[in-house]
Amino acid sequence: MAEQAKSIWRPRSAWAGIVEAGQIGVDGKPGVTALTLDDMGFATLIVPPGSPDLASATKRMIGLDLPKKAFVSLSSTHGVAWAGANHWLLFARQQAGFVDLLQSFSDHAAVSDQSHARAALTVSGPRVREVLAKGAMVDLHSSVFPVGATALTSFAHVHVQFWRTDDGPDGPIFEILVPRSMAGSFWSWFAASAAEFNCRIDRD
Amino acid sequence: MRKQLHRLNSGGLIDRTQALCFRFDGKNYDGFAGDTLASALLANGVRLFGRSFKYHRPRGLLSAGPEEPNALVELRTGARREPNTRATVVELFQNLEATSQNRWPSLGFDVLSLNRLAAPALVAGFYYKTFMWPARFWEKLYEPLIRRAAGLGRAAAVEDPDHYDKAFVFCDVLVIGAGPAGLSAAVAAGRSGARVIICDEDFRLGGRLLAERRQIDGRPAADWLAAILAELASLSEVRIMPRTSVFGLYDHGIYGAVERVNDHVAVPPAHQPRQRGWRIYAKRAILAAGALERPIVFPGNDRPGVMLSGAVRAYVNRFGVLPGREAVVFTAGDGGWATVRDLTEAGAHVAAIVDARSEINPESKTMALRVGARLFAGSVVEATHGGQALRSVTVRDASGKRARLACDLLAVSNGWNPTLHLTSHQNGKPVWEETIQSFVPGRLPPGLAVAGSAAGRFTLAEALRDGARLGREAAVEVGFAAAAADPVPATDAETDGLAPVWRVRGNRGKAFVDLQNDVTDKDVELAAREGFRSIEHLKRYTTLGMATDQGKTSNLAGLAIMAEQVGKAICETGTTTFRPPYTPVAIGALAGHHRGKDFRPVRLAPTHDWSREQGAVFVETGQWLRAQYYPKPGEQDWLATINREVLATRSGVGLCDVSTLGKIDIQGSDAAEFLERVYINGWKTLPIGKARYGVMLREDGFVMDDGTTSRLGENHFLMTTTTINAAKVMQHLEFCHQVLWPELDLRMVSVSEQWAQAAVAGPRSREVLRRVVDAKHDISNEAFPYLAAGEITVGGGIPARLFRISFSGELAYELAVPAGYGDAMMHALMAAGEPYGITPYGLDGLNVMRIEKGHAIGTESNGQTTARDLGLGRMMSSKKDFIGRLMAKREALVQADRPSLVGFRPVDTNNRLWAGAHFIGIGRAAKTENDEGYMTSVAYSPNLKHWIGLGFLKNGPTRIGERIQAVDPVRNGEVEVEVCSPIFFDPEGTRLHG
Amino acid sequence: MRIACPHCGLRDVQEFVYLGDAAPQRPDGLAATEAAMFEYVYLRDNPRGLLEELWYHGVGCRAWLVVRRDTLTHAIEYVGLAKSRKAGAAA
Amino acid sequence: MRYSGFTLISQALRGHTGWRPAWREASPKSTYDVLIIGGGGHGLATAHYLASRHGINNVAVIEKGYIGSGNVGRNTTIIRSNYLLPGNTPFYELSMKLWEGLEQELNYNAMVSQRGVLNLFHSDSQGDAFARRANAMRLAGVDAELMNLEQVRTMLPFLDYKTGRFPIRGGLLQRRGGTARHDAVAWGYARAADSRGVDIVQNCEVTGIAVTDGRVTGVETTRGQIKAKKVALAVAGNSSRTAAMAGMRLPIESHVLQAFVSEGLKPLIDCVLTFGAGHFYVSQSDKGGLVFGGNIDGYNSYAQRGNLPIIEDVMEAAMALWPALGRVRLLRHWGGIMDMSMDGSPIIDHAPVQGLYVNAGWCYGGFKATPASGFCFAHLIAKDEPHPVAAAYRLDRFATGRLLDERGVGAHPSLQ
């Protein structure tokens, strides 16, 4: 039997039907900007306690240090975020080549592909902390949550992992991952929380 | 603009350039920005604000703050109506509309004020002693009457149209209250660089300084205030939160607060919340909430025109309102004399000063002379006169001589009570301080310090000193270097002499202790007489302190009178516990965003949009929305739809989303050993590429969950759980690994979200899959038999997993693809299945087929059933230990007559069955003693053409063929059923292997 | 309340799931008796005061924790990882 | 003195000077036939039924604080007998029958108000589970009605039927359920027991239980030693600690449950309502306050206070169910200590020590059980055999597996 036309087998964004590019809330200069991130690759890496070689493998393969605490290491193409004891989230900005990368990691850790399990977005802007404070039970002050810090927690009853990627000209930049199935509820909360500051929305 | 007759020509912190018009009880008035509703009404000469709870007595303003017991109004109208709103804290806004409450037909003429005629019988606790006969009259007659008469304002009848926020904030030092102590503390802490939050419930910062004519460093206090506010604003780590009440103190430095973001406008601007509930996490906190002035209990003390002396000063000095032109001041301390001064300076005449103390110092005497007031030393006010407004008072002097004095204002001063409420939210007991005759904070919760009046140090000098010291100390304690301390500013001279009067006995008129709940001194005496002497008994028996003001102005007098009754000192009688919230908090602010559809997150399968396109009806399953069935135009009802779906699946092929099942990736050299310990059955022998059904128990021996687990590699398994239990199972497995057996080499992670999964079931399912699975994979019956599990590809290389497992009893597969391809998978399967009439089916269709096959789900394994009850007892291995093994062996759980799972069919096949029916032997009475079990699940089987059911029946498996009644009294049903095997369809399982 | 997760830092109690007394030890293996298992599953000291208890940081790092907490004041004296306990390692 | 409208009026004419204490302030005697530890609802009810039904009057109720200071004065006042399991239903139905005659029996108006208890359900399967329960109630002679959506809407038009995350599908109504004035229950029993000679001793804390040769002989208290032939524990919240004085360990944890009351409002709701999809229940007191609650905080605690997350959780459920409550204000919240048992059901049984009796493990359902608990406990103490409707509340059921787990969550008190 002939295989089906490839045209059917196109992936669908976790944000499809949920987020549309544009603007929400009050008029004026945007206080917050949200950018959905599609096509990222994610995988959990878990090693037995005390296992040493994942760190060197990570350095070798993607040039990043394996964070020992609740931090994220970032390059322009990849990142690795601490996600629990002996547990990391490896990610790539593009899914192309990610499966092969995971294959090479599988000698050093238990690897579980989670590329489709998370809906990701970047949020930034001068008022972004005020928006996140409506859900985050963790302190986002610069002195406590510096660039590179990450946390697993929940926003408005939705489990999230997020990190502070960088500081831009308009204030801090965060990346947030939410369970794919809850992207809609997360967005409902985020949009309601950001509207009073004017939120610009871009789709990846 | 209408003339505000009681407004002073100048002064006050109101903006006279911004006139605001508003309505009270349908009448229009004008006020100014900076007014409260109370001050604006007072400026317009309104004296009567409300009616009391029980006797419906006319009431006016007692206070100018959150302690107000009398002036409660319904604010706004329609869906935004807010009952019981204290007029003293409502910031005036343009077109404000307020209505008096708890009166009919009008505030001026209230029919229920006739209660006064029955008042002699309506004493504390009267209802416990009567209304007992006849018993049924309580609900029918007495209670409805009481309920209608009781209550205060009317809640809105329709949904609150406003939005609420909830937010979290962290700080080093939280300062509660922005009076002189709080501001000093905030600046002292803030200068060191600490993150400081200063909250005040008022819309203007300054606390008592706003109400008093004081000097700091030789200049008006307003100058000091302006300077310190400017400095606070300049400190980048200081956050100033006006209109924010810190209402509760919770464990580990967590403070609840509510910010009234938009209560000072008619309608919140678009996208803005009405209020915001805050959870404040503070390393240190300083309570600088000030103090509340206490009234005196004397006959007629509730008449409109009787006002706290500090409130009089607030109206005069802050709001530029003269609460009366001819005043009498009744004081037990120096506080009243400040009121004499301020009233006089504002242009009122003080007719008399009644000081309960017999010794009056010479300066005071001079002042009395200067203002032209009669001075009554060692005297009390023993009665008030007038109708709905004060006209005169009777003063009784030390010799017992009485004088009647005309006045329209009686200012009462009896000292202050520290606003220490938050210090007792963690069970801290206030302690009695003899020198100030008041309770002060006792043992403090960790991290909290108390400054100024809130600690019972009432002078301005002490407030400034306390604040500066505690602010600095708090910053140092959390690791900041102390900022250089400015010298504490000097204040003008102040005295706080006091000899409080708890009660004045008089000949006539009620003397109120609790104004809002209409508790009198006589009620306290009665409680004492009847043995309700413990303070908590007093409170509960008389309702003292249980009104919306929580006894802020009444508790202490109640205690004092009780102490007098039982012949003890106040410190021996103790005080009641202050419970959160400090002031009432809108329920909406504590719920925030989480209402309506946002009450809890909803989880949508990656195939959700596809299901919606197919016209699915959805149903809640835990957090998930799942497709229940897929109606087609022209179908008569849901049953017709489900019958079509089931028949199409059994005869051809059906398609059902099963993405919501929990999926756990388990890797490690001990993975198989681990499964042996958490499942009842064996796992070590499972070959790679095979799936097996497993059952797990709780440690108490009852079934926890079930599902199939597949071995993907020597040390790699994929477990599936039920949709509902996915998180619970993950937590359980983590417990087993981390707590019980950390020595096992094991790595687990949930991959539930990663995979979209679909069941393709029916005799043509293989043909459909053949067209979807990439050609290189052999999925023939031989190469991929029943219970095979493998990693494959679809769509030309997309990684996927295929499992030959079946819940429907058909030849069936479950195909899993990365969730982003879930939508594509459904379209691909539909396209591939089109020649075979592939039919989407939902949970209901699945349910019919699983009942036909006798598979148990959550309604059967409901936490009260064992594996044995479910007919799975033989799965329990005796060769190994596993969770729940021993407790499942308890005598009652292995009793032969325990209800066990069997099938049921109606004897008359026209009858329908109902889940929830109980089984009663034929001819036996429908009562508990004859109850032999119950029906758990039912379905109409379109294959058998009658209803079928599963249920638990005592000795069930031994009673096949027996008849019994399924009784269902709540639905008036009684159906004779025959006990049968739970497997109704294809008992040999030949279709599975097809 | 807040619990100082050894991995994640001080977090609101809302992020955690409670199990209860950490003292009872599961009697593992086929030799375990029903009586011992009954005690493990059902009987508790339930003290007023300090209690070592098991909490799960389900919203965070998914670690099971042993928390020594006063049941009267809610003050927390110590938090460690449950898995370190059985292994005998210092937490 | 007898309470009635007549005495009330005649006292009113005399300025209420003739009222006598509702109960005597007794000092402990040296010996009693029965000594009950705990002056809460259950302890006082036990004393009343010992005296009135079994003629045992040489009884003391020993209370460490003031009577009614525990959970009887801290609950949400709900009474109902809508139970599922055969070991529970007849017991709670006996309680309901005793509530129905309580005021006449005690000559005290405890304001028992049979305004109906409605449990909402939100899915077909939850509806089936409610039908199973409702049928079990009917088999036990308890009133129960299954309501469809339209019937619920007619009864409570103000609930959220449009946007609710968990749609309302129907409900289980027990019309005879309702509320009672909680404090008055304690006071009424105290007054009635006192009138039959029972000593109510307040401010007397038990510090030890004296046992000789496996038999209880009395108690040590802060007011001295008191001898007793039989000692009965009714100290919910502190059962484990008291039982430990006699060397017992119980299948119980102490947890905190919060309760809430709003400001007083004109009548809004005429029944007790529970929301099956969130932990929330609400009724309105005769004074006008909405009285409501939710789930336990979920950790062991003796602190009588709760934490913010559960408060917010309860308010979220309130708003989800009844969105007009947004502007209604929460007036006060507080916490009580619950004896959470390992199967969610109570214990009324002998202790292994002779002459010692245990009444414990009421979870958050002790208030509604007060009359039957006292009645059956008194029966057990007087006759040394369980009352038939309380026969399932044995201590050994955990060992034998005869559990009474209505919710099916197993040996996890924090989930019960």
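Domain bounds in this predicted model come from an automatic or database domain assignment. The contact between them draws on 29 residues from domain 1 of chain D and 32 residues from domain 2 of chain D.

Between the two domains of chain D, about 2500 Å² is buried, with carbon and sulfur atoms giving 57% of this area. On the side of domain 1 of chain D, the greatest losses of area to domain 2 fall on D:Arg74, D:Thr76 and D:Leu84, which together account for 26% of what that side buries. The interface of the two domains of chain D holds 2 salt bridges. D:Glu100 is paired in a salt bridge with D:Arg176, with 2.9 Å between the closest N and O atoms. Polar contacts between domain 1 and domain 2 of chain D number 14 residue pairs, both residues being at pLDDT 80 or more. Elements contributing two or more residues to the domain 1 side in chain D are β3 (78–79), α3 (89–100) and α8 (239–244). Of these, α3(D) gives the most, with 6 residues. The composition of this side of domain 1 of chain D is 12 nonpolar, 10 polar and 7 charged residues.

Chain A is likewise divided into domain 1 (24–39 + 116–202) and domain 2 (41–113). The C-alpha centres of these domains of chain A are separated by 23 Å. Their contact involves 17 residues from domain 1 of chain A and 15 residues from domain 2 of chain A. The area buried between the two domains of chain A is about 1300 Å², 60% of it on carbon and sulfur atoms. A:Asp39, A:Thr150 and A:Trp163 supply 38% of the area that domain 1 of chain A buries against domain 2, more than any other three residues.

Across the domain interface of chain A there is 1 salt bridge. A salt bridge joins the side chains of A:Arg93 and A:Glu175, at an N to O distance of 2.9 Å. On the domain 1 side of chain A, two or more residues each come from β8 (118–124), β9 (150–155), β10 (158–168) and β11 (171–179). The most is given by β10(A), with 3 residues. By class, this side of domain 1 of chain A comprises 8 nonpolar, 5 polar and 4 charged residues.

Methods. Residues numbered from 1 in each chain as written. Chains lettered and ligands numbered in written order. Predicted model: local features only at pLDDT ≥ 70, side-chain atom pairs only at ≥ 80, totals over all residues. Heavy atoms only, no water. Contact = heavy atoms within 4.5 Å. Buried area = accessible area lost by both parts, 1.4 Å probe. Salt bridge = Lys/Arg side-chain N within 4 Å of Asp/Glu carboxyl O. Polar contact = N/O pair within 3.5 Å; in protein donor to acceptor, adjacent residues only side chain to side chain. Helix = DSSP H or I, 4+ residues; strand = E, 2+ residues; numbered from the N terminus. Nonpolar A, V, L, I, M, F, W, Y, C, P; charged D, E, K, R; others polar.
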